[in-house]
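Welcome to this tour! Open your viewer, get ready to select residues by number, and follow along one stop at a time.

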Amino acid sequence: MATDMTGKLAGKVALVTGGDGGLGSAMCRKFAAAGAAVAIGWYGKDPAHAEALAKEINDGGGRAITVQGNVASPEDVQKDVQQVVDQLGGVHIVVNNAGFESEHAFLEMPPEAWSAVIAVNLTGPFLVAQTAAKWMAANNTGGVIINISSVHDVIPWSHYSHYCAAKAGLSMLTKCMAVALAENKIRAVTVCPGAIATPINQNVWGDPALSKLLDAKIPWGRIGQPEEVANVVVFLASPDAEYINGSQIYVDGAMVQYADFQHGAV
Ligand code: BGC
């Protein structure tokens with residue numbers, strides 16, 4: 001996807017946490033295509049996906065860097081935001097996209113699994129948003145923070161109570177940020193994907209029987225694609241969305257209106 005330097009996001013810098021993942025890489029590509037410079041946040045041992053994506057964007061005439069760090073670590077977040085500012089000249093768009101889930105029946109949920117999911121899915125977005133917003137406020141640039149929540153901010157999912165609690169918290173955190181940061185012209189919005197075909201849930205959509213069960217919970221009748229979420233994220237980051245603040249957009253084929261998640265893993 002070639003970069004359009006006259007695009008709607010020309011001159012802007014976007015940091016996408018989990019930018020090397022299923023949803024994140026689609027967002028990074030679309031940000032670059034709209035003219036933004038992109039910081040691809042990643043964490044773990046394998047830089048291959050993040051580096052290949054940065055190369056693809058840079059080869060296409062865009063600008064991308066990779067930034068490694070744990071969103072749940074205040075020190076890492078401080079270092080990462082500083083790196084983005086130093087290398088790309090600022091930070092105007094933040095997408096809190098990094099997240100993970102693990103399956104545990106409620107009675108068997110180990111406290112460590114609870115804490116790990118809350119740390120990455122809720123505390124991380126707070127740290128990244130606060131650190132970036134401090135830079136935006138100090139430099140009077142304005143900006144936008146997009147939190148990637150889930151249909152599970154309102155749909156209970158019995159084997160994922162930590163994940164649901166984190167996402168519910170994240171959606172509320174967005175609303176508080178929207179109110180708190182409006183005077184600095186920093187917007188905050190929530191995007192709630194439904195079931196999207198990414199590695200996080202490949203165990204389900206990759207399995208014909210489970211995938212059929214999943215499709216039956218989605219009124220639109222199919223799983224979503226990462227690009228369908230990325231399109232909305234890029235729109236929300238653009239000047240066209242200037243008056244959208246504190247809102248929550250479900251990108252889910254109406255799954256949230258309908259789903260029965262009382263039991264099980266799907
Ligand atoms: C989860 C997916 C799940 C989807 C719908 C998402 O938040 O990450 O694993 O398929 O919600 O249940």
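A salt bridge, as the term is used here, is a side-chain nitrogen of Lys or Arg within 4 Å of a carboxyl oxygen of Asp or Glu. Side chains of opposite charge can pair when their charged atoms come close. Keep in mind that what you have on screen is a predicted model. How many salt bridges does a search of the whole structure find? There are five, and we will visit some of them.

**Stop 1: a link between two helices**

Select Arg29 and Glu56. Their side chains form a salt bridge, with N and O 2.6 Å apart. Now color the two helices: Arg29 belongs to helix α1 (residues 22-33) and Glu56 to helix α2 (residues 48-59), so this pair ties together parts that are 27 residues apart in sequence. Arg29 has 28% relative accessibility and counts as partly exposed. Glu56, at 35%, also counts as partly exposed.

**Stop 2**

**Stop 3: one more pair**

Jump to Arg222 and Glu228. Their side chains meet in a salt bridge of 2.8 Å, N to O. Glu228 is partly exposed at 31% relative accessibility, and Arg222 is partly exposed at 37%.

**Stop 4: the ligand**

Which of the eleven residues around the ligand come nearest? They are Glu101, Ser150, His152, Tyr163 and Asn201. Zoom in on some of these side chains. Ser150 has a polar side-chain atom 2.6 Å from an oxygen atom of the ligand. His152 likewise places a polar side-chain atom 2.6 Å from a ligand oxygen. For Tyr163, an N or O atom of the side chain is 2.7 Å from an oxygen atom of the ligand.

**Stop 5: a covered strand**

Now select strand β4, residues 93-96. Ile93 and Val95 point to one side, Val94 and Asn96 to the other, and all of them are buried. Look for the strands that pair with β4. Strand β1 (residues 13-16) runs parallel to β4 and is joined to it by three bridges; Leu15, for example, has Val94 as its bridge partner. Strand β5 (residues 143-148) is also parallel to β4, with four bridges between them. There, the bridge partner of Asn96 is Asn147.

**Stop 6: out to a loop**

Finish at Glu183. Where does Glu183 lie? Glu183 is in the loop between α5 (161-181) and β6 (186-193). Glu183 is exposed, with a relative accessible area of 72%. To end the tour, draw a distance line from the C-alpha atom of Glu183 to that of Ser102: these residues are 81 apart along the chain, and the two atoms are separated by 38 Å.

Methods
Residues numbered from 1 in each chain as written. Predicted model: local features only at pLDDT ≥ 70, side-chain atom pairs only at ≥ 80, totals over all residues. Heavy atoms only, no water. Near = heavy atom within 4 Å. Polar contact = N/O pair within 3.5 Å; in protein donor to acceptor, adjacent residues only side chain to side chain. Buried < 20%, exposed > 50% of the residue type's maximum accessible area, 1.4 Å probe, protein only. Pairing = 2+ DSSP bridges.
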